[in-house]
Amino acid sequence: MEGSATRSVIVVNPQGFHARPAHLFVKLAGSFACQIEIVKGNEVINGKSILDLLTLGAGNGTTLTLRASGDCANEAVEALAQLIEGG
């Protein structure tokens, strides 16, 4: 089933999106077949690219929008949102 999902999340990790959480995010994102994007302001990056994530500069308190399209988009957005909101 082809679909799309969007959800806003706030980065709660005190150090923001540094190497370790970025690695966990990319690893989880890669486990889904759908396309995943992260939106910060007017910047849109590939949610499966560790380099894109590290250069995004998403510090503590940053609001990000997770977007997924394709198979299992809803599951992907929910799982990734829980990862970010869990710190």
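These legends walk through several close-up views of a predicted model.

Local features here rest on pLDDT of at least 70 and side-chain atom pairs on pLDDT 80 or more, while totals for chains, interfaces and linings use all residues. Residues are numbered from 1 along each chain as its sequence is written, and side-chain values use heavy atoms, with hydrogens and water left out.

**View 1. The whole fold, end to end.**
The protein has three helices and four strands, and they come in the order β-α-β-β-α-β-α from the N terminus. Helices (H or I, at least four residues) and strands (E, at least two) are DSSP runs, numbered from the N terminus. Along the principal axes, the C-alpha atoms fill a box of roughly 35 × 20 × 20 Å. The radius of gyration is 12 Å, which agrees with the value near 12 Å for a compact globule of 87 residues; this radius is taken over C-alpha atoms, and the globule rule is 2.2 Å times the number of residues to the power 0.38.

Of the 87 residues, 38% are buried, meaning under 20% relative accessible area (1.4 Å probe, protein chains only).

**View 2. The largest nonpolar core.**
In soluble globular proteins, nonpolar side chains tend to be buried together. The largest core here holds 25 residues, and the members touching the most others are Phe17, Phe25, Ile36, Ile38, Leu53, Leu64 and Leu66. Strands E1 (3-10), E2 (35-40) and E4 (63-70) each put in at least two residues, as do helices H1 (19-30), H2 (50-56) and H3 (73-85). H3 gives the largest share, six residues. A nonpolar core means a set of buried Ala, Val, Leu, Ile, Met, Phe, Trp, Tyr and Cys residues joined through side-chain atoms within 4.5 Å.

**View 3. Zooming in on Leu66.**
Leu66 sits in strand E4 and is buried, at a relative accessible area of 1%. Which residues does Leu66 contact, leaving aside neighbours within four places in sequence? Going up the chain, they are Ala5, Thr6, Arg7, Val9, Phe25, Glu37, Ile38, Val77, Leu80, Ala81 and Ile84, where contact means heavy atoms within 4.5 Å. Ile36 lies 30 residues from Leu66 in sequence, yet the two C-alpha atoms are 7.3 Å apart in space.

**View 4. Contacts across the chain.**
Take the contacts between residues at least 6 apart in sequence: 72% of them join residues at least 24 apart.

Key. Buried < 20%, exposed > 50% of the residue type's maximum accessible area, 1.4 Å probe, protein only.
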